[in-house]
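Hi,

Here is the structure I said I'd pass on.

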Amino acid sequence: MAQKRIAIPKDYNYEWKTAEEIINNMNTEVNFPTFGTGTLAKITGVTDENTYRKAHELWLKLKEEFNAEAKTYVPTAYNSKLGSVGDTKRREVLRACWWDALSNQDEEDYYDITSIIEVLHDHETLETGKILFGS
């Protein structure tokens, strides 16, 4: 009797770099570093392609600001517009702070957009350090 093989999802390594790659893979089962195994659409509950485009646009702004902030970031100053806390090379950014500082999206999109960004990018190593997401 032949044994049935179980497909093991591959690890997500932050390889989806464009909105189109994200949209094309939203139903691909992978193992996300923080959120475990599943599809992006199932974990976030979002299937609207336009919401993924908005999330990607906001992510690019957040990534740019996160990297720029590292030049002057002082952990004990507690004055980060992104709500950064922690060491420069491993900072947690607070969702409400970075949303208020960078987003021009409708508040009704807040949860969907922030969920997409957090699933795709939590613990990603950027140019100036690792980004973590807090509430």
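First, a term: a salt bridge here is a side-chain nitrogen of Lys or Arg within 4 Å of a carboxyl oxygen of Asp or Glu. This is a predicted model, where local features need pLDDT of at least 70, side-chain atom pairs count only at pLDDT 80 or more, and totals for chains, interfaces and linings use all residues. Residues are numbered from 1 along each chain as its sequence is written, and side-chain values use heavy atoms, with hydrogens and water left out.

The structure holds eight salt bridges. One of them joins E20 to R53, with the closest N and O atoms 3.0 Å apart. E20 sits in helix α1 and R53 in helix α3, 33 residues apart (helices are DSSP runs of H or I, at least four residues, and strands are runs of E, at least two, numbered from the N terminus).

Another pairs E69 with R91 at 3.3 Å, N to O. E69 lies in helix α3 and R91 in strand β4, so the pair ties together parts 22 residues apart in sequence. Both residues are buried, meaning under 20% relative accessible area, where exposed is over 50% and partly exposed is in between (1.4 Å probe, protein chains only). Salt bridges with shared partners also join E20, E49 and R53 into one network.

Then the inside: the largest nonpolar core has 30 residues, and Y52, L62 and I117 have the most contacts within it. Such a core is a set of buried Ala, Val, Leu, Ile, Met, Phe, Trp, Tyr and Cys residues joined through side-chain atoms within 4.5 Å. Helix α3 gives the most to this core, with six residues.

Cheers
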